[in-house]
Each structure stands twice: as C-alpha cells, then as structure tokens.
Amino acid sequence: MKFGAKLINTENIEQFTEIVSTVNKLCSKGSGGKTCIIKLNHDSMCFVLPEFASNHMLFYNSGQVSFWMRIDALLLFDFYIFEGKSIEKSSVMIEILPENLLHVLKSTPNVKNLKLKLANKQTVCLSIEIEYCGISLKSKSRTITHDIPVKIISSSFLAMKDFQEPNLKDTALSIQMPGLKTLKHMIERMKAMGDHITIEATKNGDLTIRIQTECVSVSSYFKNLPVQVKKNELCSYSMRLSIRRMNDFINSIQVKPDKIICNFINNKYAHFLVIQNGNLVLHYLISSILD
Amino acid sequence: MNTTLITRSNEGEKYLLYAKLDNAKILYNLAKSVNFKEHAVFCALDSGLKISCEDAKSTQGIAFVHTDLFQEYSVKEDCVCIKINLSVLIECLNIFGSIVNSIPTALKICYEGYGHPLSLLLEDNGIITECNIKTMEADSLVNFEFDFDRIINKIIIKSEGLKEALSEIDVSNDIIEIVISIEKQFLRLSSFGLIGDTHIDIPASSDYIESFDCKKTQVNRYKVSFFRNSLKALVSSSKVALRITDSGVMGIQFLIPIPELSKMAFVEFYFCPDEEIE
C-alpha cells in the first residue's frame with residue numbers, strides 16, 4: 001500500500017484545515033466517541049462516523065445525526081498518491097481522532113508545506129511532517145514531524161459498501177437553503193426561544209423556517225429559492241427537527257460552501273447536502289421529531 | 001430603504017397600536033438596556049413606547065422610545081399596557097443579526113388588543129420574519145414616588161467618567177456608598193471590601209462633571225446590583241443625570257444618542273437606598 005499527500009499552497013493548507021475543523025466539530029456531536037473513520041481512495045478521502053455503518057439510515061431514536069463527507073484529494077492536495085494493496089483492496093480505512101489532526105494543523109501560522117503519510121512507529125501512525133518558514137529571511141526553515149496514532153479498520157469488520165455515498169434517490173423535493181450567515185444567526189436566535197423547528201418547502205421555491213412555543217411563534221419566509229421537484233405528489237413538504245441538532249450542524253460548517261441543499265425524503269429524517277466547488281460534498285442527516 | 005413593507009396610511013387602522021421603525025436595532029438596543037428581568041411591561045402611550053422592567057418591587061428600569069424615533073406611530077387609546085417576555089422580544093428583534101454594510105432591518109409592530117399577541121414583522125433583504133409574542137395582563141408597577149420637587153441633589157456627568165468610576169468599585173461587597181458633599185464639592189463612590197475600602201472622588205470641577213447641583217450633603221448606600229442592571233444603558237449613553245431625593249431614592253437618567261436619526265432616547269433606573277443599621 002502506498003500513501004503520500006503534500007500541501008504547498010497556503011490556500012490549500014487553509015482549506016484542508018477548514019475541512020478538518022469541520023470534521024472535528026461534526027464528530028464531537030456524534031453519539032459515539034469523538035473518532036472518525038477516513039477512507040483513503042486513489043482520488044478521494046471520505047470522512048464518516050464509526051457508527052454510520054449502514055446506508056439504510058435506520059434511526060431508532062429521535063434526534064440522531066449522521067454525516068458522510070467526501071473530498072476530492074487530487075484537487076485539494078498539491079500532490080496526492082494512494083495505491084491499495086491489491087485490486088480488491090483498493091482503499092484503506094483508518095480510525096483517527098480529528099482533534100489531534102486539527103491541533104497539529106493549527107500549531108503555528110508559518111507553515112511552508114505539509115506532508116502526510118502513514119508510518120509504522122511502534123503503532124501505525126498518520127505522520128505529518130511540517131516545514132515551517134524561518135523567522136527571518138536568512139534563517140533556515142525547521143521541520144517538525146507529528147505522529148498521530150491511528151487504527152486500521154479491516155475490511156472484514158466494516159464492508160466497503162457501508163461507506164458509499166448516501167443515496168438521494170427517494171428525494172421528493174430539494175431546495176437550496178438561504179446563505180450560511182443568515183441561517184446561522186436565525187437558528188441561534190430561535191434556539192434561545194424554543195426546542196423544535198419546522199422546515200417547510202413548496203414546489204415554488206418558498207421556504208419557511210418556523211418555531212412555535214407557548215410564548216411565541218416565529219416564522220421566516222424565504223422566496224424564490226432554487227428548487228427541484230422529483231416527485232410530484234404534494235405541493236409542500238415539511239419536517240420537524242431539534243433546533244439544537246440543526247444548530248450543531250450549522251455551526252460545524254467551517255468551510256465556505258457554495259450551496260447547502262435540504263432534501264425532503266420521507267418524514268423520518270432531513271438530508272442536507274453541503275457542496276463546495278464540486279470538490280467537497282458533505283451529507284448531514286438529522287432524524288426528525290415525529291409528533 | 002426596504003420597499004416591500006408598503007406604507008399604506010390606512011393599514012394601521014385596525015390596530016390598537018401600529019408602529020413602523022426603519023431600523024429595528026434602535027428598539028433592540030433600548031429594550032436590551034432594561035432587560036435585567038425576563039418579563040416587562042410594554043406600554044404604548046401617545047408620546048411613544050415605554051418598556052418597564054421591575055425586580056422584586058425594589059428597582060425599576062424604563063426605556064422610552066419617543067414617537068419621533070418612529071417612521072409611523074399610532075395608538076388608539078391613551079395608554080395600552082401589556083406584559084410580555086422581554087427576552088423573547090429582544091431575540092425576535094435580532095433575528096437577522098447585524099450584517100455589516102447592509103440596509104438595516106425594517107420593523108413593523110402591530111397589536112390588535114386584549115387577547116391578541118404582539119406582532120412583529122421584520123424585513124431584511126427580501127426575507128420576512130413574523131413574530132407573534134403572547135401578551136399577558138400588565139402587573140402594576142411600583143410607584144417610586146420620584147417627586148421631582150423633592151430632588152435634593154442632581155449631577156450631570158459624562159458617561160466615560162461614571163464608567164471609569166464604577167469599574168474601580170470592589171465587588172466583594174454588595175453595597176456602594178454615594179456621597180454628594182456641598183462642603184467638599186464632590187461626588188464620592190465608596191465600596192467596603194474584605195481587603196480594604198475604596199473611595200473614588202469626582203470633584204465638581206472635573207471635566208467629567210457637566211453640572212453639580214447640590215442643596216445638601218447626602219450619604220446613601222445602595223445595592224451594587226442595582227447599578228449593575230444599568231451597565232448596558234451606561235455603555236451606550238453619552239451623559240448620565242444622577243438625581244437623589246430627600247429620602248435617598250436614586251433616579252438615574254441615561255441620554256442615549258441615536259446617530260442615524262440625529263435624535264436622543266432616554267433610559268431611566270430607579271431604586272431605594274439600602275436600609276442598613278450602621
């Protein structure tokens with residue numbers, strides 16, 4: 001197996017840091033531990049929660065969340081190579097604490113370049129070699145290597161198919177959410193007033209975000225949002241979610257997305273899609289509150 | 001200018017209270033400055049809106065939004081008073097947040113009458129948010145008997161001066177002593193902490209003092225928490241008038257500038273001296 005990745009461009013380093021920061025926030029709200037599984041492929045990296053082991057999205061309890069994220073490694077990294085052990089084993093899954101990786105990436109601002117590889121140092125580690133700029137023009141640059149212990153997840157334990165992109169084939173209606181800043185602020189204010197939020201979308205691209213408590217009812221009306229109707233059954237679709245889960249989701253997005261899409265599938269869960277330039281796709285699922 | 005909230009002069013007809021504000025932030029900041037308790041009495045008077053907050057019948061904070069701060073204001077009765085959850089009102093007013101460089105959020109307030117909610121319509125960049133806040137019967141508020149004829153001492157001080165003085169107060173003790181001395185011509189703020197006593201003297205001749213009208217020397221002690229309740233108002237104010245009656249009742253009036261309208265708003269706090277056996 002061969003794995004190596006390098007980041008030279010400052011913008012790419014920043015973007016990778018934003019991605020890891022997002023993963024860290026997403027994992028910290030998971031119901032299991034705070035670990036994450038990274039699946040390395042020849043052209044991509046997928047980040048999933050260990051408990052997300054099925055594509056069926058069977059939620060036993062209300063208020064559960066799950067995510068799946070894929071980044072285009074060839075676009076994000078300045079250099080990326082991954083070759084599996086064999087044709088059958090063309091990818092590898094490693095379990096890591098994203099907090100540790102984030103800590104390394106945020107260590108100092110003067111990063112000149114970053115090299116990632118897997119190494120066997122007493123235990124299997126994700127080895128990050130960082131070259132820092134010298135303090136002055138004349139002084140030499142320093143290199144520090146950080147080794148983060150990881151666990152290789154064998155393919156017998158979790159099947160490869162368990163990490164496939166969640167499918168949206170049963171989507172009835174997809175609507176683009178309003179801008180992240182507006183959404184963030186609004187959800188935070190609503191969280192201070194109540195526990196549950198209702199999201200309603202119509203075929204005409206109208207979106208309503210509403211909370212209703214004994215004391216107050218607040219409804220925000222967004223019009224003319226891009227919408228795609230896949231099933232022409234109902235005029236409008238609505239879902240009831242925990243505001244705290246919605247707030248956790250919005251606040252974990254540390255990247256600058258091009259769009260956030262809300263997919264109405266059935267009334268069991270809300271399926272959000274965060275897309276950035278086609279090189280990052282994040283699926284975030286929140287199980288809905290049934291009356 | 002937001003044009004979606006169309007001004008129709010007869011739109012306000014069916015409401016007991018109907019008001020329009022081009023910038024919701026004005027009401028937001030004034031309401032926040034008296035939000036030391038969750039509920040408040042919201043009164044619509046001929047002269048404007050009055051938001052009164054009271055704690056344990058011992059202190060009151062009142063924010064007054066005069067009609068000339070509104071683009072439109074109409075109230076059908078002399079005085080319409082309701083009790084609402086002020087914290088919720090404030091969250092609603094801030095639903096869009098403050099995105100810099102953008103057109104301010106427009107606000108419309110509608111109240112149909114007894115049994116109806118207080119309705120707020122906020123608009124920002126084409127997005128409309130409708131808030132309906134439950135109303136309750138207004139509690140009667142304490143009359144502080146703040147008789148303007150009985151004011152013994154009145155000091156007008158620049159806000160930065162009072163801010164600085166209050167920041168020096170030792171909070172280990174919950175009492176602050178205010179001395180206004182005619183002989184020594186100063187305003188003294190004192191706190192008596194575990195380590196020692198702190199005295200901050202502001203002479204009448206100080207640049208911070210705009211007017212020092214002292215009829216008799218007074219020494220009064222007040223709860224620090226009462227002053228703390230007024231900190232938000234102090235921070236957004238330019239000037240403060242401290243008025244004390246012969247029975248030691250303190251009336252603080254903050255002058256809050258509203259630069260975008262080149263107008264002023266007032267926030268007042270009232271509280272009684274602490275009865276302490278020395």
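Predicted model: local features only at pLDDT ≥ 70, side-chain atom pairs only at ≥ 80, totals over all residues.

Is Asn279(A) buried or exposed? Asn279(A) counts as buried, because its relative accessibility is 12% and the cut-off for buried is under 20%.

Asn24(A) lies in helix α1, which covers residues 10-28 of chain A, and when its neighbours within four places in sequence are left aside, Asn24(A) is in contact with Pro98(A), Glu99(A) and Leu102(A). Its relative accessibility is 19%, so Asn24(A) counts as buried too, given that the limit is under 20%.

Now let us turn to the strands of chain A, starting with β1, which takes in residues 2-7. Strand β1(A) pairs with β5 (residues 79-83) of chain A in the antiparallel sense, over five bridges, and within that pairing the bridge partner of Phe3(A) is Phe82(A) in β5(A). Strand β1(A) also pairs with β7, residues 111-121 of chain A, again in the antiparallel sense and over four bridges, and here Gly4(A) stands opposite Lys117(A) in β7(A). As background for reading such strands, the side chains in a regular strand alternate between the two faces of the sheet.

Next, chain B, where I would like you to find Leu122(B) in strand β8, residues 118-124. Leu122(B) is buried, because its relative accessible area is 0%. Not counting residues up to four places away in sequence, Leu122(B) touches a number of residues, among them Ala24(B), Cys92(B), Phe96(B), Leu107(B) and Ile128(B). Leu122(B) and Leu21(B) are 101 residues apart in sequence, while their C-alpha atoms are 9.7 Å apart in space.

That brings me to the place where the two chains meet. How many residues of chain B are in contact with chain A? There are 18 of them, and they are in contact with 16 residues of chain A. The size of an interface is often given as the accessible area lost when the parts come together. Between chain B and chain A the buried area is about 1500 Å², and carbon and sulfur atoms give 61% of that.

Across this interface the rule finds two salt bridges, and in one of the salt bridges the side chains of Lys134(B) and Glu214(A) meet at 3.9 Å, N to O. The rule also finds seven residue pairs in polar contact across the interface. On the side of chain B that touches chain A, α2 (86-93) and β9 (127-133) each supply at least two residues, and the largest share, seven residues, comes from β9(B). By class, that side of chain B has nine nonpolar, six polar and three charged residues.

Finally, follow strand β9(B) across to chain A, where six bridges join it to strand β14, residues 216-222 of chain A, and the two run antiparallel. In that arrangement Tyr221(A) stands opposite Ile128(B), and Ile128(B) is also one of the residues that Leu122(B) touches.

Technical notes:
Residues numbered from 1 in each chain as written. Chains lettered and ligands numbered in written order. Heavy atoms only, no water. Contact = heavy atoms within 4.5 Å. Buried area = accessible area lost by both parts, 1.4 Å probe. Salt bridge = Lys/Arg side-chain N within 4 Å of Asp/Glu carboxyl O. Polar contact = N/O pair within 3.5 Å; in protein donor to acceptor, adjacent residues only side chain to side chain. Nonpolar A, V, L, I, M, F, W, Y, C, P; charged D, E, K, R; others polar. Pairing = 2+ DSSP bridges. Buried < 20%, exposed > 50% of the residue type's maximum accessible area, 1.4 Å probe, protein only.
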